Amino acid sequence: MSLRISLRELEVFVAVAELGTVTRAAERVALTQSAASQALDKLEQGLDAKLFDRVGRRLLINEHGRLLLPRARALLDAAADVQDLFQGGELALRIGASTTIANYLLPPLLAAFRKEWPQARLELEVANTRDIVEAVAAFRVDFGLIEGPCHHPELLAHGWRQDELIVFAAADHPLAGRKVGLDELADAPWILREAGSGTREEVERVLLPHLNRLAIGMELGHSEAIKHAVAAGLGVSCLSRHVAADLLAAGTIVEVDADLPRLTRTLYRIQHRDKAIGRGMAAFSEKLQLGWG
């Protein structure tokens, strides 16, 4: 069967999918609007399928387009890797990371990578675990580092490192400075991350077997906000020791003394099953010992 689609057509398709109009897509890929329209028409003819629903001047991606989009991105990424391989281009790396990892664990790793590869092009997308899973599945990033398990059928998940979780309260909180019963701890007002956060999923996984319930008083979308709300006396929480380290050192928060085992979770690296390992990913793996499956 002869090849009926081109990388240029896929490039136009991805741009239209992301920008919503042929005019804006043509600007991104440096084509005239007419040439971009022709490329999109040719792609749809070659595939014998409409990829967008036309609504006024907008093009809304349909079921066929959504099926093609991650594969088109993967093909364009692979083509760019081939070009860089033979033209000696700069390394490029797009990382997705959930918020705790991005804020507390990833910066020194990126600094080490940048020291070895000072000309590398680095992009970092920061979101909660659920959103990073979606970014990896859609090939918007090369790989992701997340705080909870990944159940997406198209992604591979590998344990990256262990992270300790601690239960803490303000230094002057009624639960501070004494032995606390598990029922008493369960009934305290808890401040937790939002649904979809890897930290929230892992906190419930490690605590509910011991406490049976959590009296959730507040949900906040950022771990920094949570630890400062706890320091202000608004409740108790459970976060990575990395997150709480500065306020623990300052003495404004303390670990709660309860009959709980050491609480740990596994941080994961995720990648798409069909993602080719580019030069940037290979270099990152070599220097930071991530390993790729």
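A residue is called buried here if its relative accessible area is under 20%, exposed if it is over 50%, and partly exposed in between (1.4 Å probe, protein chains only). The structure is a predicted model, in which local features need pLDDT of at least 70 and side-chain atom pairs count only at pLDDT 80 or more, while totals for chains, interfaces and linings use all residues. Residues are numbered from 1 along each chain as its sequence is written, and side-chain values use heavy atoms, with hydrogens and water left out.

An unreviewed UniProt entry lists residues 5-62 as "domain: HTH lysR-type"; UniProt positions follow the numbering used here, feature names are shortened, and annotations may be inferred rather than shown by experiment. This span is 60% helix and 14% strand, and its end C-alpha atoms lie 19 Å apart. Helices (H or I, at least four residues) and strands (E, at least two) are DSSP runs, numbered from the N terminus.

Attention now turns to strand S5 (residues 143-146). Phe143 and Leu145 point one way, Gly144 and Ile146 point the other way, and all are buried. Strands pair if DSSP finds at least two bridges between them. S5 pairs with strand S3 (residues 92-98) in the parallel sense over three bridges, and Phe143 is the bridge partner of Ile95. With strand S13 (residues 263-272), S5 runs antiparallel, again joined by three bridges; here Gly144 has Ile270 as its bridge partner.

Rings of Phe, Tyr and Trp (its six-membered ring) pair if their centres lie within 6.5 Å; planes under 30 degrees apart count as stacked, over 60 as edge-to-face and the rest as tilted. Three aromatic pairs are found in the structure. One of them is the tilted pair of Phe13 and Phe52, at 5.6 Å centre to centre with 55° between the planes. Phe13 belongs to helix H1 (residues 7-19) and Phe52 to strand S1 (residues 52-55), so the pair ties together parts 39 residues apart in sequence. Both Phe13 and Phe52 are buried.

Phe143 and Phe284 also form a pair, which is tilted because the ring centres are 5.6 Å apart and the planes lie at 45°. This pair links distant parts of the chain, Phe143 in strand S5 and Phe284 in helix H11 (residues 279-288), 141 residues apart.
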